[in-house]
Amino acid sequence: MSTALMSNYQPLSIEFINGSGAWLTDTQGQRYLDALSGIAVCGLGHAHPAVQAAIADQAANLIHTSNLYRIPLQEKLAEKLVQHSGMEKVFFGNSGAEANEAAIKLARLYANNSNIANPVIVVMEKSFHGRTMATLSATGNAKVHKGFNPLVEGFLHIPYNDVGALNELSDKDLNIVAVMVEPILGEGGVIIPDAGYLQAIRTFCDQHDSLMMIDEVQTGMCRTGKWFAFQHEGVMPDVLTLAKALGNGVPIGACLAKGKAAELFQPGSHGSTFGGNPLASRAALAVIEVLEAQQLEQRATELGNRLLDGFKQSLAGVKGIKDIRGKGLMLGIELEQDCPELVGLALKEKLLINVTSGNVIRLLPPLIMSDSEADQIISILSDVIKAYLT
Ligand SMILES: Cc1ncc(COP(=O)(O)O)c(C=O)c1O
């Protein structure tokens, strides 16, 4: 790797030069089946014709103007997101961290407007919210904090999926202004909370007059079988954050708000030079049109069930497998031991996967995959896992 790059990444030496659907091709002309989608970004796969055409057309006309002028494409995109989520207002940034940074600023403004001097935002252990100073402070992972003290103050970490731990906070003298939560822990190991968890957080937030802020940067845009994962639970958050699959690879993030959270930002309170520019907005609109036209949330459920059932069958009785779980196209196969080597072993078999939280194989394949591609993932990965564990 070039010495001109900072050393924060350790990429595999493979280089991809083009992609099509669920496949990537390397410099040697070898094809790889992509069960990761650039970490939940390319939900419509690679080089999707509708997205590609929208980006090319927009680039030929107008890429950027700044938020000093009205951007009709951004307005249209906001309306679409509001329509699908039931939220009311949108702010656009360029990444998941920026979307969450905006959410955190909303919580701080909410506190400020209520004259709360030391506001607390409740966040979860094992969570991941980004790498900016505020979002890494919110993140519940010591590795992400390491070396960056002093962290941004005002975050209180409690165990994930633990309603008791949340309700115990009621007895403490804390100025809780928000609870920020992923509906499924992504980086934290594809952990799906018990039914009713989000509802319990909603109730807590209502009792404490605090904001329920859901981070759907990884779960959003139809991946889990609904447009947004909170919709499985029939609750409404006050703040919702999105990024990753929103632009299918064109950087864009969004922070949506509702009710008392929707009016907090006023002229001058937040901003972004690039956020929601014509190119990114046009790409995201193209993504939404395809998701709508093909009802890909339903396809995510179908494919997800196919993968889940397939893995449960093919790995039945294999020693060393702790759990196989998933919701839509967000799947985790948890091993009893750490298994980082599996990424390289799967790569040798031309399959792209990820291992997170040490011992969880994470699959985030594209929503446009065929049944037969899903079956190939099951068969290749099951063989790799069995060979590894025996
Ligand atoms: C749940 C969640 N929130 C936030 C982020 C940060 O997004 P980004 O890397 O676009 O800043 C991620 C990235 O993995 C994520 O999974």
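## Notes on salt bridges, domain contact and ring pairs

1. Arg306 is partly exposed, with a relative accessible area of 33% (buried: under 20%; exposed: over 50%; partly exposed: in between; 1.4 Å probe, protein chains only). Arg306 belongs to one network with Arg299, Glu302, Asp371 and Asp375, joined by salt bridges that share partners (Lys or Arg side-chain nitrogen within 4 Å of an Asp or Glu carboxyl oxygen).

2. Before going on: this is a predicted model, where local features need pLDDT of at least 70 and side-chain atom pairs pLDDT 80 or more, while totals for chains, interfaces and linings use all residues. Numbering runs from 1 along each chain as its sequence is written, and side-chain values use heavy atoms, without hydrogens or water.

3. Asp371 and Arg306 meet through their side chains at 3.5 Å, N to O. Asp371 is partly exposed, with a relative accessible area of 33%.

4. How many salt bridges does the rule give? The count comes to 15. One of them pairs Lys80 with Glu292, with the closest N and O atoms 2.9 Å apart. That pair links distant parts of the chain, since Lys80 is in helix α3 (residues 72-85) and Glu292 in helix α9 (residues 278-293), 212 residues apart. Glu292 is partly exposed at 25% relative accessible area.

5. Now look at Arg362 and Glu187, whose side chains form a salt bridge at 2.7 Å, N to O. Here too distant parts of the chain are linked: Arg362 is in strand β15 (residues 360-363), Glu187 in the loop between β7 (176-181) and α8 (197-208), 175 residues apart. Arg362 is buried, at 2% relative accessible area, whereas Glu187 counts as partly exposed at 25%.

6. On to the domains. The assignment gives domain 1 as 16-48 + 295-389 and domain 2 as 50-293 (bounds from an automatic or database assignment). Their C-alpha centres are 26 Å apart.

7. What area is buried between domain 1 and domain 2? About 2500 Å², with 57% of it from carbon and sulfur atoms (accessible area lost on putting the parts together, 1.4 Å probe, summed over both). On the domain 1 side, His48, Lys327 and Met330 lose the most area to domain 2, together 28% of what that side buries. Across this interface the rule finds 1 salt bridge.

8. Ser382 is worth a click. Ser382 lies in helix α12 (residues 371-389) and is buried, at 2% relative accessibility. Leaving aside residues up to four places away in sequence, Ser382 touches Phe311, Ser314, Leu315 and Ile377.

9. Last, the rings: there are 5 aromatic pairs (Phe, Tyr or six-membered Trp ring centres within 6.5 Å; planes under 30 degrees apart are stacked, over 60 edge-to-face, the rest tilted). Phe16 and Tyr32 are edge-to-face, 5.4 Å centre to centre with 75° between the planes. Phe16 is in strand β1 (residues 16-20) and Tyr32 in strand β3 (residues 31-34), 16 residues apart. Tyr32 is buried at 6% relative accessible area, and Phe16 is partly exposed at 32%. Phe228 and Phe230 are stacked instead, at 6.1 Å and 5°, and both are buried. Ring pairs also bring in Trp227, making a cluster with Phe228 and Phe230.

Methods
Helix = DSSP H or I, 4+ residues; strand = E, 2+ residues; numbered from the N terminus. Buried area = accessible area lost by both parts, 1.4 Å probe. Contact = heavy atoms within 4.5 Å.
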